[in-house]
Amino acid sequence: MDNKINEIRRKVSALRARMIELEELARNQLKHDLDCAEAAGRQLALRREMVGLIAEWKAAGAGDRVPGPPDGPRVGKGKLARLGLGLHVLSART
């Protein structure tokens with residue numbers, strides 16, 4: 001059972017890494033006024049796959065918390081992130 005949970009955890013980690021790559025690709029395409037529909041569509045497909053893996057993970061008897069992403073800088077989803085600004089920019093100004 002632990003092997004199945006660890007296998008799912010590895011797949012989730014790989015999916016998260018790929019989703020970050022696709023998000024960066026879509027953002028770069030938007031910055032250059034290019035169509036990002038393909039990258040966004042692939043990212044949505046990975047999200048659907050992630051939901052399936054999480055369901056498998058819970059069914060295999062894993063804990064209540066889904067494994068989190070590795071430590072590192074987090075990208076916010078708020079207005080500042082959409083503008084390309086981070087909280088570090090605001091703290092530097094004050």
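Predicted model: local features only at pLDDT ≥ 70, side-chain atom pairs only at ≥ 80, totals over all residues.
Started with Ile8, which is buried at a relative accessible area of 1% (buried means under 20% relative accessible area, exposed over 50%, partly exposed in between, with a 1.4 Å probe and protein chains only). Ile8 sits in helix 1; helices here are DSSP runs of H or I with at least four residues, strands are runs of E with at least two, and both are numbered from the N terminus.

Residues are numbered from 1 along each chain as its sequence is written, and side-chain values use heavy atoms, with hydrogens and water left out.

**Ile8, continued**

What does Ile8 touch once its neighbours within four places in sequence are set aside? I get Leu53, Glu56 and Trp57, with contact meaning heavy atoms within 4.5 Å.

**Whole chain**

I stepped back for the totals. The chain has four helices and zero strands, so written by the DSSP runs the order from the N terminus is α-α-α-α. Of its 94 residues, 22% count as buried. Among contacts with a separation of 6 or more, 62% join residues 24 or more positions apart.

**Helix pair**

The axes of helix 1 (residues 2-31) and helix 2 (residues 37-59) come within 9 Å and cross at roughly 160°. That makes helix 1 roughly antiparallel to helix 2. For the record, the axes are lines fitted to C-alpha atoms, for helices over the stretch in contact, and angles run from 0 to 180 degrees between N-to-C directions. The angle classes are: under 35 degrees roughly parallel, over 145 roughly antiparallel, 65 to 115 roughly perpendicular, the rest oblique.

Which hand does the crossing of helix 1 and helix 2 have, left or right? I noted left-handed, meaning the near helix is turned anticlockwise from the far one by less than a right angle, with clockwise giving right-handed. By class, the contact of helix 1 with helix 2 holds 13 nonpolar, two polar and ten charged residues. Here Ala, Val, Leu, Ile, Met, Phe, Trp, Tyr, Cys and Pro count as nonpolar, Asp, Glu, Lys and Arg as charged, and the others, Gly among them, as polar.

**Along helix 1**

Next I checked Glu21, also a helix 1 residue. Glu21 is partly exposed, at 46% relative accessibility. From Glu21 to Gln43 I have 9.2 Å, C-alpha to C-alpha, for a pair 22 residues apart in sequence.

Ala26 belongs to helix 1 and counts as buried at 10% relative accessibility. Not counting residues up to four places away in sequence, Ala26 touches Cys36 and Ala39. Ala26 and Ala40 have C-alpha atoms 6.5 Å apart, and 14 residues separate them in sequence.

Gln29 lies in helix 1. Buried or exposed, at 18% relative accessibility? Gln29 counts as buried. Its contacts, leaving aside neighbours within four places in sequence, are Leu34, Asp35, Cys36 and Ala39.

**The loop and into helix 2**

Asp33 is in the loop between helix 1 and helix 2. I flagged its phi, near 55°, a positive value in a residue other than glycine. Asp33 is exposed, with a relative accessible area of 71%.

Last one was Ala37, in helix 2. Ala37 is partly exposed, at 45% relative accessibility. Back across to Ala26, eleven residues away along the chain, the C-alpha atoms are separated by 8.0 Å.
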